[in-house]
Amino acid sequence: MEEGSLTAAGFAAAVFVIMLFAFGLVVGEHVGEQMGGKCVERRDFHIASLKILAVGILTSAVVWAVQMPALAGLVLGLMAGALAGAKIGFGESVGPWKFADKYFNVNKGQTGRGEAERARSRAARKARKEGKPEPELMSVQTDAPSPADGTNAKKGTRH
């Protein structure tokens with residue numbers, strides 16, 4: 001057998017690292033989504049991203065210092081998942097995500113938004129962060145008369 005060939009133990013270790021990476025992606029995405037949901041401004045999002053990177057780099061240094069390279073897949077998956085989850089939780093294309101979203105034609109309605117729409121989304125994120133109800137985009141009032149026939153929705157009209 002050649003010196004550079006892959007043994008059964010090496011193959012098993014590679015599969016284990018890939019499984020830890022996948023697990024880290026899933027857990028990191030949930031953590032990042034929570035962090036991104038708490039961000040109101042773009043500045044908050046960038047600070048959260050820097051926190052994710054800093055914790056990931058420090059954790060990676062600890063993993064390499066204790067010589068457990070199999071856990072490197074977990075740390076890398078957590079970092080990647082948390083960064084992607086933060087973008088999902090924040091809900092806007094910012095930083096390098098703006099280029100990727102434009103290239104892949106994601107968030108198409110966001111590029112044509114005016115300042116009023118941006119302010120409305122900021123207000124919704126701020127309300128979500130503070131635990132208040134988000135601003136309504138449309139009325140769902142059921143006791144107002146219908147403009148078509150003047151009947152009331154509570155009186156049994158079918159839709």
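Me: Is Ala123 buried, partly exposed or exposed, and why does it count as that?

Reply: Happy to take you through it, starting with Ala123 and then moving to the rest of the chain. Please keep in mind that this is a predicted model.

Ala123 counts as partly exposed because its relative accessibility is 35%, and the cut-offs put that class between under 20% for buried and over 50% for exposed. The residue belongs to helix α6, which covers residues 115–130. Along the chain, Ala123 and Glu41 are 82 residues apart, yet their C-alpha atoms are separated by 10.0 Å.

Glu41 also turns up in the surroundings of Phe90. Apart from neighbours within four places in sequence, Phe90 is in contact with Gly36, Gly37, Cys39, Val40, Glu41, Arg42, Phe45 and Arg125. Of these, Arg125 falls within the residue range of α6. Phe90 is also part of the largest nonpolar core, whose eight residues are Cys39, Phe45, Ala48, Ile52, Ala82, Ala86, Phe90 and Val94. Two helices, α2 (42–65) and α3 (72–90), each supply at least two residues of this core.

The buried residues in α3 are Gly73, Val75, Gly77, Met79, Gly81, Ala82, Gly85, Ala86, Lys87, Gly89 and Phe90. In general, an α-helix has 3.6 residues a turn, so residues three or four places apart point the same way. Just after α3 comes Gly91, with a positive phi of about 85°.

Not counting residues up to four places away in sequence, Gly81 touches Leu25, Gly28 and Glu29. His30 is 51 residues from Gly81 along the chain, and the two C-alpha atoms are separated by 7.8 Å.

Phi of Gln67 is near 55°, a positive value in a residue other than glycine. Gln67 counts as exposed because its relative accessibility is 68%, and the cut-off for that class is over 50%.

Now for the surface near the start of the chain. Leu6, Phe11, Val15 and Met19 form a nonpolar patch there, with about 420 Å² of accessible area together. Val15 has its place in helix α1, residues 8–37. Val15 is partly exposed, with a relative accessible area of 33%.

Finally, here is the setting for all of these details. The protein chain has six helices and zero strands, so that its elements run α-α-α-α-α-α from the N terminus on. Buried residues make up 23% of its 159 residues. Among contacts with a separation of 6 or more, 61% join residues 24 or more positions apart. The chain exposes about 11400 Å², and carbon and sulfur atoms supply 65% of that area.

Note on methods. Residues numbered from 1 in each chain as written. Predicted model: local features only at pLDDT ≥ 70, side-chain atom pairs only at ≥ 80, totals over all residues. Heavy atoms only, no water. Patch = residues over 30% accessible without salt bridge, like charges linked within 9 Å, V, L, I, M, F, W, Y side chains within 5 Å. Areas by Shrake-Rupley, 256 points an atom, 1.4 Å probe, with all protein chains shown as cover. Salt bridge = Lys/Arg side-chain N within 4 Å of Asp/Glu carboxyl O. Helix = DSSP H or I, 4+ residues; strand = E, 2+ residues; numbered from the N terminus. Buried < 20%, exposed > 50% of the residue type's maximum accessible area, 1.4 Å probe, protein only. Core = buried A, V, L, I, M, F, W, Y, C linked by side-chain atoms within 4.5 Å. Contact = heavy atoms within 4.5 Å.
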